[in-house]
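Thanks for asking me to look this over.

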Amino acid sequence: MTIAAPIAAQAGRGAYRALVRRKKLVLLALTVVLILSVIADLGLGPARYSMREVVLALVGSVEVPHQVSVVLWDIRMPVALTAVVVGAALSAAGAQMQTILNNPLASPFTLGISAAASFGASLALVFGVGLLPFAIEYVVSINALIMAMAAALFIHLMSQKRGVTVETIVLLGITLVFTFNALLALVQFLASEQALAAVVFWTMGSLTRATWPKLAIMTLVLAVSLPVFVRRAWALTALRLGDDKAASFGVNIRRVRLETMLVVSVLAAVPVAFVGTIGFIGLVGPHIARMLIGEDQRFFLPASVLSGAAMLSLTSVISKSILPGSIIPIGIITALVGVPFLFSLIMTNRGRAW
Amino acid sequence: MVATLQLNDVGVRYGRQNVLSGITTPLLKGGEVTAVIGPNAAGKSSLFRRIAGLLGGPGHISIGGANETSLSGVCYMPQDTSVNTVLTVFESILLARKQGATSRVRDQDLEAVESTLASVRIESIAFKNLCELSGGQRQLVSLAQTLAREPKILLLDEPTSALDLHRQVEVLALIRALSTKQQICVVLAIHDLNQVLRVADRVMVIDAGTMVSCGPVEAVITPALLRDIYKVDGRIERCSRLCSQVIIDGPIVDHA
């Protein structure tokens with residue numbers, strides 16, 4: 001604006017740069033927490049290793065017995081990294097669901113995507129029904145993936161209808177949760193005792209199903225998805241100012257929403273398909289990121305990814321620590337740990353958005 | 001090149017319902033301020049959203065001087081400014097400026113944000129979050145976001161409805177000055193007819209989805225308009241400084 005009065009000596013610019021520096025520091029702190037958590041996660045198990053032993057084994061030091069390296073790299077590493085990748089993927093998916101639906105309650109869990117995945121998986125576990133005729137060894141995961149994507153796209157299509165509000169979408173998600181839970185209960189009712197146990201264990205969500213090939217697929221999905229969001233960072237941030245405002249900025253809101261929802265549905269569905277239902281990370285991770293760093297997607301997205309990853313990794317540490325010698329399914333722990341943490345954040349940030 | 005805007009038989013439909021039809025205007029030019037007035041639910045916001053490209057409908061909108069195909073240079077400030085975003089005012093104005101541009105924030109972007117903050121006089125809230133602002137502050141920020149996009153054609157839907165009298169006068173003076181100095185074609189919806197008399201060159205009256213009249217301010221704002229459109233008895237008189245002002249005597253009571 002050429003008629004502007006001269007502004008006080010770069011006060012705004014300096015303060016903005018300080019704000020950006022603070023956000024980068026928060027991202028660095030989250031990264032440090034994540035790294036420490038992964039090291040702790042690797043050290044925990046039937047045989048406990050100190051942080052020093054873990055670090056030495058990871059850098060290939062000869063001071064550590066070969067057996068320790070084998071345990072860490074071949075057994076614990078896929079599990080620990082799966083926690084990181086699944087946490088990151090669910091949190092990023094939740095963050096973008098909340099952004100494009102403009103809804104604080106949006107997440108793969110609350111909108112019925114996880115419930116749909118569980119139903120798809122149960123069809124394979126109980127009846128051996130595959131929704132795709134090939135890749136028999138991944139039939140459970142593929143069924144879960146297809147049902148989860150169908151649920152995500154249904155939510156998206158409904159959200160595009162005229163007169164559909166934020167509240168309607170949440171209600172729609174709740175109806176999906178109830179519908180798929182009822183269908184799942186029906187399948188369980190008809191299942192044999194052995195199949196029933198498999199379904200119940202699957203719906204609890206467990207990282208012990210992790211393998212290197214599954215981890216590679218999930219990492220690839222995450223690596224392909226995140227750049228899509230990064231490229232759209234300004235447009236996605238603008239969506240949080242409301243549709244009219246974003247459109248008035250020149251954002252093609254229909255295209256951004258559709259593109260993001262398609263990517264989000266894969267991002268949310270793939271981890272659920274491989275490790276089962278893990279609730280709350282997709283809901284809590286983005287809220288923690290938002291409270292720590294705000295909603296500028298250039299920082300909010302990496303913060304969501306890091307907070308989700310760190311949270312699931314820490315949850316993995318806790319699940320191994322509660323009952324020494326046994327690993328409690330992580331899906332049980334996420335809510336128990338995540339909810340009190342979110343609750344305390346909400347109570348200390350009252351009045352700031354949502 | 002001076003920006004121009006002309007509407008030819010423009011309308012808006014929601015489903016099968018026509019909410020606006022047959023809007024035809026003379027050529028609106030850069031440097032001019034056109035006020036759009038009319039009762040509530042007359043179709044003013046629909047008209048703005050149609051011009052901004054957010055709604056489809058019949059008719060033709062000619063835009064000159066700005067980019068006609070992409071509507072770049074046409075900047076629209078919506079009426080609803082409610083937000084619950086954890087984003088500072090500074091960031092939100094930067095965000096408005098960076099849409100469609102490279103992701104890297106350059107010094108000139110930050111300078112432009114500072115300058116916009118100063119022009120709307122909201123430097124003191126630059127690092128408050130949007131979700132912590134009052135209604136009036138949000139309206140000023142929304143205006144700043146729109147101005148940061150360096151408009152050629154500026155569409156403002158009730159930009160002063162939540163502001164106190166001092167801020168109303170200040171903002172309308174800013175809009176008038178920007179229009180004159182930067183040759184911006186301004187179209188604004190506003191209810192306060194005295195402010196219209198102060199700031200606008202031309203008035204467009206919308207009622208029940210059609211354009212009732214369009215012309216110079218003093219030719220359109222008359223006792224007849226007050227009676228027919230607003231159902232009030234009133235006069236247009238000159239004050240001691242020779243400015244026209246609307247004096248309302250009271251509502252017309254319909255005894256039918």
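1. Two strands count as paired if DSSP finds at least two bridges between them. Helices (H or I, at least four residues) and strands (E, at least two) are DSSP runs, numbered from the N terminus. With that in hand, β7(B) is joined to strand β8 (residues 153–157) of chain B by four bridges, and the two run parallel. Within this pairing, B:Met77 stands opposite B:Leu156 in β8(B).

2. A word on conventions. This is a predicted model, in which local features need pLDDT of at least 70 and side-chain atom pairs count only at pLDDT 80 or more, while totals for chains, interfaces and linings use all residues. Residues are numbered from 1 along each chain as its sequence is written, and chains are lettered from A and ligands numbered from 1 in the order in which they are written.

3. Back to the sheet: β7(B) belongs to an open sheet of six strands in chain B, ordered β7-β8-β9-β5-β10-β11, with mixed pairing. Its edge strands, each pairing on one side only, are β7 (74–77) and β11 (210–216) of chain B. On average, neighbouring strands here are turned by 15° against each other, direction ignored.

4. Chain B also has an open sheet of three strands, in the order β4-β1-β6, and its pairing is antiparallel. β4 (28–29) and β6 (60–64) of chain B are the edges. Five bridges link strand β1 (residues 4–8) of chain B to β6(B), and the bridge partner of B:Leu5 in β6(B) is B:Ile63.

5. How is chain B divided by the domain assignment? Domain 1 covers 1–73 + 151–221 and domain 2 covers 82–149; such bounds come from an automatic or database domain assignment. The centres of the two domains of chain B, taken over C-alpha atoms, are separated by 23 Å. Their contact takes nine residues from domain 1 and eight residues from domain 2, where residues are in contact if their C-beta atoms, placed from the backbone, lie within 7 Å. On the domain 1 side, α5(B) gives the most, with three residues.

6. Now the two chains together: 41 residues from chain B and 34 residues from chain A make the contact. Elements of chain B giving two or more residues to its side are β7, α2 (89–98), α3 (107–120) and α5 (165–182). The largest share, eight residues, comes from α3(B). By class, the chain B side has 21 nonpolar, 13 polar and seven charged residues. For this count, Ala, Val, Leu, Ile, Met, Phe, Trp, Tyr, Cys and Pro are nonpolar, Asp, Glu, Lys and Arg are charged, and the others, Gly among them, are polar.

7. α2(B) and α3(B) also pack against each other, at an angle of about 120° and with axes 10 Å apart. Axes are lines fitted to C-alpha atoms, for helices over the stretch in contact, and angles run from 0 to 180 degrees between N-to-C directions. That angle makes α2(B) oblique to α3(B) (under 35 degrees is roughly parallel, over 145 roughly antiparallel, 65 to 115 roughly perpendicular, and the rest oblique). Residues making the contact include B:Phe90 and B:Ile93 of α2(B) and B:Ala112 and B:Val113 of α3(B).

8. In chain A, helix α3 (residues 66–100) and helix α8 (residues 212–231) pack at about 30°, their axes 10 Å apart. That makes α3(A) roughly parallel to α8(A). The residues of this contact divide into 14 nonpolar, four polar and no charged.
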